[in-house]
Amino acid sequence: MRRAVVLVAVLLGVLAGCADSDNPASIPAGQSTAAGAPGLENRSPDAAENKLRLALADPCYTDPDPRAVWPRCGRWVEETASTARTAANALPDDAAVTNAATAVGAARDAYVARGCPATAPGGTVDVSACVGGLVAARTAVTGLARALGSPG
């Protein structure tokens with residue numbers, strides 16, 4: 001229960017940080033604050049770190065048995081790719097961050113290419129390949145955490 005309360009508090013903090021439409025870092029190039037389209041990606045280092053904290057607390061990252069959680073980790077893999085893009089956009093001159101972000105994106109692409117589902121197995125899936133893909137994504141996220149100076 002305590003963990004759920006902490007996760008909700010962190011999520012509310014992330015949402016509050018994303019609500020600052022006057023912050024130029026949260027507005028994609030070429031868009032004004034009036035454009036306010038859904039899906040604006042906040043490009044600040046704080047946004048990347050907040051998103052990363054959530055990813056590092058998720059069972060898709062923390063569960064000691066990736067075989068047990070992989071069927072429901074497709075969304076986590078997608079979110080970590082988004083987090084990596086946020087970090088790379090916020091710190092484009094930081095080679096460690098951009099390299100780590102590239103690794104997270106490659107892990108996401110490999111996971112998807114293996115046909116690993118976002119929620120639960122549906123059809124014929126190579127479980128070992130998907131588990132391996134999740135492990136690769138975890139490793140890449142650990143690299144991103146280190147590049148951002150977060151414990152990972």
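Predicted model: local features only at pLDDT ≥ 70, side-chain atom pairs only at ≥ 80, totals over all residues.
Local features are reported at pLDDT of at least 70 and side-chain atom pairs only at pLDDT 80 or more, whereas totals for chains, interfaces and linings use all residues. Residues are numbered from 1 along each chain as its sequence is written, and side-chain values use heavy atoms, with hydrogens and water left out.

The chain contains 7 helices and 0 strands, where helices (H or I, at least four residues) and strands (E, at least two) are DSSP runs numbered from the N terminus. The order of elements is accordingly α-α-α-α-α-α-α from the N terminus on. Of the 152 residues, 36% count as buried, a class defined by under 20% relative accessible area, with exposed meaning over 50% and partly exposed in between (1.4 Å probe, protein chains only). Among contacts (heavy atoms within 4.5 Å) between residues at least 6 apart in sequence, 69% join residues at least 24 apart.

The largest nonpolar core comprises 31 residues, and Trp 76, Leu 134 and Leu 144 have the most contacts inside it. Such a core is a set of buried Ala, Val, Leu, Ile, Met, Phe, Trp, Tyr and Cys residues joined through side-chain atoms within 4.5 Å. Two or more residues are given to this core by each of helix H2 (45-57), helix H3 (59-62), helix H5 (74-90), helix H6 (95-113) and helix H7 (127-147). The greatest share comes from H7, with 8 residues.

When residues up to four places away in sequence are not counted, Trp 76 touches Ala 55, Asp 58, Cys 60, Tyr 61, Leu 134, Ala 137, Arg 138 and Val 141. The count of aromatic pairs is 1, for rings of Phe, Tyr and Trp (its six-membered ring) with centres within 6.5 Å; planes under 30 degrees apart count as stacked, over 60 as edge-to-face and the rest as tilted. The ring centres of Tyr 61 and Trp 76 are 6.3 Å apart and their planes stand at 35°, so this pair is tilted. Because Tyr 61 belongs to helix H3 and Trp 76 to helix H5, the pair ties together parts 15 residues apart in sequence. Both Tyr 61 and Trp 76 are buried.

Two packed helices are described by the angle between their axes and the distance between the axes. Axes are lines fitted to C-alpha atoms, for helices over the stretch in contact, and angles run from 0 to 180 degrees between N-to-C directions. H6 and H7 pack at about 165° with axes 8 Å apart, which makes H6 roughly antiparallel to H7; angles under 35 degrees count as roughly parallel, over 145 as roughly antiparallel, 65 to 115 as roughly perpendicular and the rest as oblique. Residues in this contact include Ala 100, Val 104 and Tyr 111 of H6 and Leu 134, Ala 137 and Leu 144 of H7. The axes of H5 and H6 come within 9 Å and cross at roughly 155°, and these two helices are therefore roughly antiparallel to each other. Among the residues making that contact are Val 77, Ala 81 and Ala 84 of H5 and Val 97, Ala 101 and Val 104 of H6.

Lys 51 is located in helix H2 and, at 19% relative accessibility, counts as buried. Beyond neighbours up to four places away in sequence, Lys 51 touches Ser 82, Thr 83 and Thr 86. Thr 83, in helix H5, is buried with a relative accessible area of 3%. With neighbours within four places in sequence left aside, Thr 83 is in contact with Ala 48, Lys 51, Leu 52 and Leu 144.
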